[in-house]
Amino acid sequence: MESIEKVLKGNAYPGRGIILGRTSDGSKAVAAYFIMGRSENSRNRVFVEDGEGIRTQAFDESKLEDPSLIIYAPVRVLGNKTIVTNGDQTDTIYELMDKQQTFEQALRTRTYEPDKPNYTPRISGIMHIDKGEYNFAMSILKSDDGDPDSTNRFTFAYENPKKGCGRFIHTYVGDGNPLPSFAGEPQLVDVADDIDTYTDLLWNSLNEDNKVSLFVRYIDIKTGKFESRIVNKNK
């Protein structure tokens, strides 16, 4: 297991990232999602609450250039399922799972983002909490080593996830031009038992110049009740 603090501090530009896991006492499911940006358009964002989920919105509407890949709902809740993604595939998963399709079936209708030459991966996670049981899955849709004619699809499922552990998947290995896509399994990282401690740790570990917003949620596995934190650089 790696230190999430060390992992984040060692990567100036992981892009967007999802962490799903479980506290050490096993009582709470943990979710975190952050966004970063290099361009003014990407940095001109904040997270805001939207029902039981969140959405992105422009911090300064007058500076908003292209909303297509930056304005979306990263988190939505469908019954006992919490969906976390880095794009508008959140809505695809929500709508198709509401029609009894699976997480993987819903994502079969999507590919990586059309932002040549990066072809940013679409990363997604889903948490299922029911009657004291908890499992989650993570997905990445990416071009085949930058070839836009080929799509690679990977799903990682975690049944009864290990206590005190999280899984971290992000869009980029690091900075570059074009940006190199994440590769391999979601990283095994530590989580904290306290939401405020973990929120502070994650936010303070992200690159100061590139970080934009962070969302953290802890869900009680027995009751389904949750508490959330949002941190925005733009205030």
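Buried means under 20% relative accessible area. The views below come from a predicted model.

**View 1. Tyr158, a buried residue of strand 9.**
Tyr158 lies in strand 9. Its relative accessible area is 13%, so Tyr158 is buried. Which residues does Tyr158 contact, leaving aside its neighbours within four places in sequence? They are Asn135, Phe136, Met138, Arg167 and Pro186. Asn135 is 23 residues away from Tyr158 in sequence. In space, the two C-alpha atoms are 5.7 Å apart.

**View 2. The second largest pocket and its lining.**
This pocket holds about 270 Å³ of space. Its lining has 15 residues. Nearest the centre lie Met97, Phe103, Ile126, Asn135 and Ala137. Asn135 is also one of the contacts of Tyr158. Helix 4, strand 7, strand 8 (133-144) and strand 9 are the elements that give two or more residues to the lining. Which element gives the most to the lining of the second largest pocket? Strand 9 does, with four residues. By class, the lining has seven nonpolar, five polar and three charged residues.

**View 3. The largest pocket.**
The volume of the largest pocket is about 400 Å³. Its lining counts 21 residues, and the closest to the centre are Arg16, Ser39, Ser42, Ile70 and Asp115. The lining divides into six nonpolar, eight polar and seven charged residues. Ser39 sits in the loop between strand 2 and helix 2 (40-43). With 35% relative accessibility, Ser39 counts as partly exposed. Ser39 and Cys165 are 126 residues apart in sequence. Their C-alpha atoms are 33 Å apart in space.

**View 4. Strand 11 and its partner, strand 10.**
Strands of a sheet pair through backbone hydrogen bonds, either parallel or antiparallel. Strand 10 (residues 165-170) and strand 11 pair in the antiparallel sense, over four bridges. Cys165 stands opposite Asp190 in strand 11. Which residues of strand 11 form its covered face, and which its uncovered face? Gln187 and Val189 make up the covered face. Leu188 and Asp190 make up the uncovered one.

**View 5. Two cis peptide bonds, each in a loop.**
Most residues other than glycine have a negative phi, and most peptide bonds are trans. A cis peptide bond joins Lys116 and Pro117, with omega about 5 degrees. Pro117 has its place in the loop between helix 4 (103-107) and strand 7 (122-130). Another cis peptide bond joins Asn177 and Pro178, with omega about 0 degrees. Where does Pro178 lie? Pro178 is in the loop between strand 10 and strand 11.

Tyr119 has a phi near 45 degrees, a positive value in a residue other than glycine. Tyr119 is found in the loop between helix 4 and strand 7. The loop between helix 4 and strand 7 is also the place of Pro117. Is Tyr119 buried or exposed? Tyr119 counts as buried, because its relative accessibility is 11%.
Asn160 is not a glycine either, and its phi is positive, about 45 degrees. Asn160 is found in the loop between strand 9 (147-159) and strand 10. With a relative accessible area of 58%, Asn160 is exposed.

Terms used: Residues numbered from 1 in each chain as written. Predicted model: local features only at pLDDT ≥ 70, side-chain atom pairs only at ≥ 80, totals over all residues. Heavy atoms only, no water. Pairing = 2+ DSSP bridges. Buried < 20%, exposed > 50% of the residue type's maximum accessible area, 1.4 Å probe, protein only. 1 Å grid on protein atoms, 1.4 Å probe; cavity = no way out; pocket = protein on both sides within 12 Å on 5 of 7 lines; lining within 4 Å. Points joined across faces, edges and corners; volume = space filled by probe spheres on them. Nonpolar A, V, L, I, M, F, W, Y, C, P; charged D, E, K, R; others polar. Contact = heavy atoms within 4.5 Å.
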